[in-house]
Amino acid sequence: MFCKNCGKQIDDNAAICIYCGVATEKGTDREDEEKKINAFGITGFVIGLISLWLGIYFCIASIIGLVFSAIGMVKMKKCKLNGFAIAGLVLSIVSLVTWAIVWIVVGAAILAL
């Protein structure tokens, strides 16, 4: 393989050129793979976990966690740490259903008075 910067021949498995220090295509691929994590999935998981307690605020946290987890699910093929997106989706759905039932019961109790 030849360096794309200086044009000198380098080892095919080299991550950087030993002559000019520029990263090769293989080196940039490895860096990109290491940096890509599923941030939306992790965010959805954290918000889904928090929404178990914050559902009292009209299920807003549950809906936000659901949205972030759904975006994380879409990005699963390109990222690592995808289990957080699945867990966030489950937590958000459970929280949304639980708090929706609580609000329906509370609303019915208020109307019955």
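Tutor: Start with the surface. The accessible surface of the protein comes to about 7,700 Å², by the Shrake-Rupley method with a 1.4 Å probe. Carbon and sulfur atoms hold 70% of that surface.

Student: What kind of model is this, and how are its residues numbered?

Tutor: This is a predicted model, where local features need pLDDT of at least 70, side-chain atom pairs count only at pLDDT 80 or more, and totals for chains, interfaces and linings use all residues. Residues are numbered from 1 along each chain as its sequence is written, and side-chain values use heavy atoms, with hydrogens and water left out.

Student: What makes the protein more spread out than a compact globule?

Tutor: First, the secondary structure: four helices and zero strands. Helices (H or I, at least four residues) and strands (E, at least two) are DSSP runs, numbered from the N terminus. Now the size. The globule rule, 2.2 Å times the number of residues to the power 0.38, is set against a radius of gyration over C-alpha atoms. For 113 residues the rule gives 13 Å; the protein has 24 Å, well over that, so the protein is more spread out than a compact globule. Its C-alpha trace spans about 85 × 15 × 15 Å along the principal axes.

Student: Why is Ser95 called buried?

Tutor: Buried means under 20% relative accessible area, exposed over 50%, and partly exposed in between (1.4 Å probe, protein chains only). Ser95 has 0%, so Ser95 counts as buried. Ser95 lies in helix α4, residues 83-112. Leaving out residues up to four places away in sequence, Ser95 touches Ser51, Leu52 and Ser62. A contact here means heavy atoms within 4.5 Å.

Student: Why is Ile63 called partly exposed?

Tutor: The relative accessible area of Ile63 is 43%, so Ile63 falls in the partly exposed class. Ile63 sits in helix α3, residues 60-74. From Met1, Ile63 is 62 residues away in sequence and 51 Å away in space, C-alpha to C-alpha.

Student: How do you know that Cys17 is in no disulfide?

Tutor: A disulfide is a pair of cysteine sulfur atoms within 2.5 Å. The structure holds zero disulfides. For Cys17, the nearest cysteine sulfur is that of Cys20, 3.7 Å away.

Student: Are Cys17 and Cys59 buried or exposed?

Tutor: Cys17 has a relative accessible area of 2%, so Cys17 is buried. Cys59, at 8%, counts as buried too.
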